[in-house]
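Thanks for coming. I will go through charged and nonpolar side chains in one model, starting with the surface.

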Amino acid sequence: MGAPLADVRPPVRQRGFFAIRWRQFRNAPRPVVRAVVSSLVAAVAGGLAFEVYDVALDRGAVLPGGDLRILVLTVYVLAVLVIGSLVTYLVVPLPSGAGRPNVTRTPWSAMLGLLAAGPVVYLVLVVLHEILKPLLLG
């Protein structure tokens with residue numbers, strides 16, 4: 001007979017932690033990428049508007065209603081969560097298997113958008129507030 005296949009194949013190369021994570025990053029599933037990008041676009045657009053408002057108040061501008069930063073920030077975060085969830089629901093169909101078109105949308109599509117929007121809105125606010133704002137005021 002012949003040698004078993006296990007003896008003929010070369011040993012599997014073990015990848016390190018960072019090599020595995022880099023491969024996962026490069027090969028991310030399209031629904032996840034779409035969910036993150038839709039939330040990122042909404043977060044950056046709203047975040048820039050919030051930073052303009054924040055910088056205007058810091059420079060002494062008198063705006064109607066006074067200083068409403070907390071209210072504006074709350075509305076911004078909720079809007080990004082809703083927009084990210086809604087756009088993901090509309091853009092990301094669930095997988096349906098081989099040979100059938102991907103047209104099924106369920107609340108899970110919206111949940112994917114909501115779960116992607118939370119960290120995205122936080123990271124965008126940190127970057128805008130800690131990096132962009134000092135450059136604008138500097």
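A patch here is made of residues with over 30% relative accessible area and no salt bridge, with like charges joined within 9 Å and nonpolar side chains (Val, Leu, Ile, Met, Phe, Trp, Tyr) within 5 Å. This is a predicted model: local features need pLDDT of at least 70, side-chain atom pairs count only at pLDDT 80 or more, and totals for chains, interfaces and linings use all residues. Residues are numbered from 1 along each chain as its sequence is written, and side-chain values use heavy atoms, with hydrogens and water left out.

Arg13, Arg15, Arg23 and Arg26 form a positive surface patch. Arg26 sits in helix H2, residues 17–26, and is exposed at 52% relative accessible area (exposed is over 50%, buried under 20%, partly exposed in between, with a 1.4 Å probe and protein chains only). A nonpolar patch of about 410 Å² comes from Ile83, Leu86, Val87, Leu90 and Val91.

Now the salt bridges, meaning a side-chain nitrogen of Lys or Arg within 4 Å of a carboxyl oxygen of Asp or Glu. The structure has 5. Asp54 and Arg69 pair at 2.5 Å, N to O. Asp54 is in helix H3 and Arg69 in helix H4, so this pair ties together parts 15 residues apart in sequence. Asp54 is buried, at 2%.

Which residue of helix H5 does Asp58 of helix H3 pair with? Asp58 and Lys133 form a salt bridge at 2.6 Å, N to O, and that pair links parts of the chain 75 residues apart. Lys133 counts as buried at 11%, while Asp58 is partly exposed at 36%. Asp54, Asp58, Asp67, Arg69 and Lys133 are linked in a salt-bridge network.

Definitions and conventions. Areas by Shrake-Rupley, 256 points an atom, 1.4 Å probe, with all protein chains shown as cover. Lys, Arg positive; Asp, Glu negative; His and termini not counted. Charge placed at Lys NZ, Arg CZ, Asp CG, Glu CD. Helix = DSSP H or I, 4+ residues; strand = E, 2+ residues; numbered from the N terminus.
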